[in-house]
Amino acid sequence: MEVHLATIIGVIRSVDVSSIKVNYLVEDSTGCMSCVHWIDAEDHSYKPLKNRSCVKIIGHIKSLQDGKKNLMIYSAQYLEDLNEITSHMLEVALIPLKSEKMKTVTQSDNYAKMQLESNYGTESGVNNTSVAGSGASGDAAKIMQVIRVSVLLQLTAYN
């Protein structure tokens with residue numbers, strides 16, 4: 001499945017301002033991504049985000065001719081609460097889990113799909129693998145493992 005819309009939370013590593021666009025290089029726990037914010041040439045009130053600041057960026061992923069990808073920014077804002085990082089990590093961990101569950105539901109079973117979407121996390125079928133010492137199993141164990149790895153990566157990225 002190809003992703004087109006993305007939200008990233010990271011640290012701005014560079015800012016390049018021109019008259020019609022602002023290029024940002026944003027680093028998160030997965031690496032660096034080039035982000036482009038097109039601005040109206042007549043809008044002199046736009047203030048670019050500052051270098052070395054924690055930001056949340058929502059945009060459209062665009063593939064360039066050289067094979068690289070960049071994010072065309074729809075919304076860019078400073079992080080106001082560091083809990084947004086934890087929330088984002090949980091959302092990132094949930095997406096593949098939800099996608100796996102959705103694959104098990106047939107296309108013709110719309111009622112089951114709606115139930116799965118509205119009650120995700122209360123479904124049965126949780127396996128018995130657990131994260132050592134946590135007591136969590138199944139999807140919860142997967143999420144806890146992602147959080148532990150991500151927290152370590154985030155600590156090194158934001159320091």
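Student: Which residue stands opposite Ile-73 in S5?
Tutor: Gly-59 stands opposite Ile-73. Residues are numbered from 1 along each chain as its sequence is written, and the model is predicted, so that local features need pLDDT of at least 70, side-chain atom pairs count only at pLDDT 80 or more, and totals for chains, interfaces and linings use all residues. Side-chain values use heavy atoms, with hydrogens and water left out.

Student: What makes S4 and S5 a pair of strands?
Tutor: Strands are DSSP runs of E with at least two residues, helices are runs of H or I with at least four, and both are numbered from the N terminus. Two strands pair if DSSP finds at least two bridges between them. S4 (residues 54–63) and S5 have nine bridges, in the antiparallel sense, and therefore count as paired under that definition. Val-55 opposite Tyr-78 in S5 is a further facing couple.

Student: What links S4 to S5, and which residue there takes a positive phi?
Tutor: The two strands form a hairpin with five residues between them, and Gly-67 takes a positive phi near 90°.

Student: In which order do the strands of the barrel run?
Tutor: The closed barrel has five strands in the order S1-S2-S3-S5-S4, with mixed pairing. From one strand to the next, the twist averages 55°, where axes are lines fitted to C-alpha atoms, for helices over the stretch in contact, and angles run from 0 to 180 degrees between N-to-C directions. Along the sequence, the chain follows the pattern β-β-β-β-β-α-α-α.

Student: Why is Asn-70 called buried?
Tutor: Buried means under 20% relative accessible area, exposed over 50%, and partly exposed in between, with a 1.4 Å probe and protein chains only. Asn-70 has 7% relative accessibility and therefore counts as buried. Asn-70 is found in strand S5. Of the 159 residues of the protein chain, 28% count as buried.

Student: Which residues does Asn-70 touch?
Tutor: Contact means heavy atoms within 4.5 Å. Leaving aside residues up to four places away in sequence, Asn-70 touches Met-33, Ser-34, Val-36, His-60, Ile-61, Lys-62 and Leu-64.
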